[in-house]
Amino acid sequence: MKKHHLLKVTGIVALLTLAACDSGDSEDATATNEADEPASGEAESLDNEEASNLEGTVTISGSTSVQPISEELAVPFMEENPDTRIEVSGGGSGAGVTAAQQGASDFGAVSREIAEDETGIEEYVIALDGIAIIVHPDNALSELALEDVTDIFSGEVTNWSEIGGDDADIVVVSREDGSGTRDAFTDIVLGEDDLIDSALIQNTTGGVAESVANDPFAVGYMSTGSMSDSVQGLNIDGAEPTDENIRSGEYPVSRPFNYVSNENEPLSEVAQAFLDFILGDDGQQVVEDNGFISVD
């Protein structure tokens with residue numbers, strides 16, 4: 001007999017098919033429960049049995065940057081807990097905060113620092129992410145000052161020759177308004193400056209990467225965890241966008257991946273179990289396996 005576990009993503013519903021255990025499992029559990037002092041191995045088996053008794057649905061909505069890692073974390077959790085379902089959808093970081101505030105989702109996903117006026121929520125940092133400033137692999141530059149990046153994306157610098165590159169107009173590529181990546185980039189890099197009006201806007205991380213990979217004079221930004229060899233990540237202020245430099249704060253363009261929940265509503269048993277899994281060793285290994293940076 002097989003059980004199907006639903007992993008819901010925006011516009012797509014994927015079925016995860018898992019083999020169910022034999023009914024003999026319950027007999028083993030009964031025998032173990034009758035023992036007064038179970039051995040360590042038996043206790044571990046009992047723990048696994050208790051975990052498999054979890055049931056219910058966890059809903060997560062918000063940042064499209066956090067969405068892929070949420071989906072990856074859901075897979076092993078549902079394998080260990082066959083009667084649970086993790087539903088993951090996008091909508092942007094702002095929508096994630098609102099969903100948590102209103103209790104519409106168990107967790108809102110937010111790929112930036114939580115703003116001071118975003119109240120009524122509990123915050124859990126589940127991973128760290130650097131934002132790489134990306135250019136075409138053929139671009140002669142390998143490093144920029146953070147100030148240069150600000151000038152490029154605000155339109156103060158419009159030709160690569162102004163910052164030591166080729167004599168060619170700079171093609172700026174950005175995420176759409178409301179994107180958590182753009183919000184984080186704006187806070188860290190642009191500050192009070194506005195994005196240049198001529199920026200090419202892409203609605204996905206993949207769209208930004210594709211635009212830059214296809215134009216030798218383009219520059220954009222994306223999560224370091226999503227980078228590939230199709231683009232080149234620049235050193236900023238002398239620091240490479242590495243895990244070590246992001247954890248230490250030496251690389252200046254980085255952000256947390258947060259889950260937020262309603263501070264007035266306790267998490268359900270299954271939501272708390274999922275959060276505990278994410279912040280534990282197994283969950284943080286999934287974080288690292290997907291190119292992001294683990295947290296303590």
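Modeller: Let's start with a definition: a residue is buried under 20% relative accessible area, exposed over 50%, and partly exposed in between, using a 1.4 Å probe and protein chains only. This is a predicted model, in which local features need pLDDT of at least 70, side-chain atom pairs count only at pLDDT 80 or more, and totals for chains, interfaces and linings use all residues. Residues are numbered from 1 along each chain as its sequence is written, and side-chain values use heavy atoms, with hydrogens and water left out.

Biologist: Thanks! Is Asp-296 buried or exposed?

Modeller: Asp-296 sits in the segment after α10 (281–289). Its relative accessibility is 99%. Because that is over the 50% cut-off, Asp-296 counts as exposed.

Biologist: How far apart are the C-alpha atoms of Asp-296 and Val-125?

Modeller: Along the chain, Asp-296 and Val-125 are 171 residues apart.

Biologist: How many helices and strands does the chain have?

Modeller: Helices (H or I, at least four residues) and strands (E, at least two) are DSSP runs, numbered from the N terminus. By that count, the chain has ten helices, and its strands number 13.

Biologist: What share of the chain's contacts between residues at least 6 apart in sequence join residues at least 24 apart?

Modeller: A contact here means heavy atoms within 4.5 Å. Among contacts between residues at least 6 apart in sequence, the share joining residues at least 24 apart is 73%.

Biologist: And what percentage of the chain's accessible surface belongs to carbon and sulfur atoms?

Modeller: Accessible areas come from the Shrake-Rupley method with a 1.4 Å probe, and for residues only the protein chains shown count as cover. The chain's accessible surface comes to about 14,500 Å². The part belonging to carbon and sulfur atoms is 42%.

Biologist: Now for charges. Which residue forms a salt bridge with Arg-112?

Modeller: In general, side chains of opposite charge can pair when their charged atoms come close. A salt bridge is a side-chain nitrogen of Lys or Arg within 4 Å of a carboxyl oxygen of Asp or Glu. For Arg-112, the closest N and O atoms are 3.7 Å apart, and the partner is Asp-183.

Biologist: How many residues apart are Arg-112 and Asp-183?

Modeller: Arg-112 is buried at 8% relative accessibility, while Asp-183 is partly exposed at 22%. Arg-112 and Asp-183 form a salt bridge. This pair links distant parts of the chain: Arg-112 is in the loop between β5 (107–110) and β6 (121–135), Asp-183 is in helix α6, and the two are apart by 71 residues.

Biologist: Are Asp-129 and Arg-255 buried or exposed?

Modeller: Their side chains meet in a salt bridge, with N to O at 2.9 Å. Asp-129 lies in strand β6 and Arg-255 in strand β13, so the pair ties together parts 126 residues apart in sequence. Both Asp-129 and Arg-255 are buried.

Biologist: In which helix is Arg-247, the salt-bridge partner of Glu-288?

Modeller: The closest N and O atoms of Glu-288 and Arg-247 are 3.9 Å apart. Glu-288 is partly exposed at 39% relative accessibility, and Arg-247 is partly exposed at 44%. Glu-288 is in helix α10, and 41 residues away Arg-247 is in helix α8.

Biologist: Which residues form the negative surface patch?

Modeller: Patches are made of residues with over 30% relative accessible area and no salt bridge, joining like charges within 9 Å and nonpolar side chains (Val, Leu, Ile, Met, Phe, Trp, Tyr) within 5 Å. Lys and Arg count as positive and Asp and Glu as negative, with His and the chain ends not counted; a charge is placed at NZ of Lys, CZ of Arg, CG of Asp or CD of Glu. One member, Glu-192, is exposed at 79% relative accessibility. The patch is formed by Glu-156, Glu-192, Asp-193, Asp-194 and Asp-197.

Biologist: What is the phi of Asp-237 near?

Modeller: Asp-237 is in the loop between β12 (235–236) and α8. Most residues other than glycine have a negative phi. Asp-237 has a positive phi, near 55°.

Biologist: Last one: which residues does Glu-250 touch, not counting residues up to four places away in sequence?

Modeller: Glu-250 is in the loop between α8 (243–248) and β13 (254–262). At 48% relative accessibility, Glu-250 is partly exposed. Beyond four places in sequence, Glu-250 touches Ala-239 and Asn-245.
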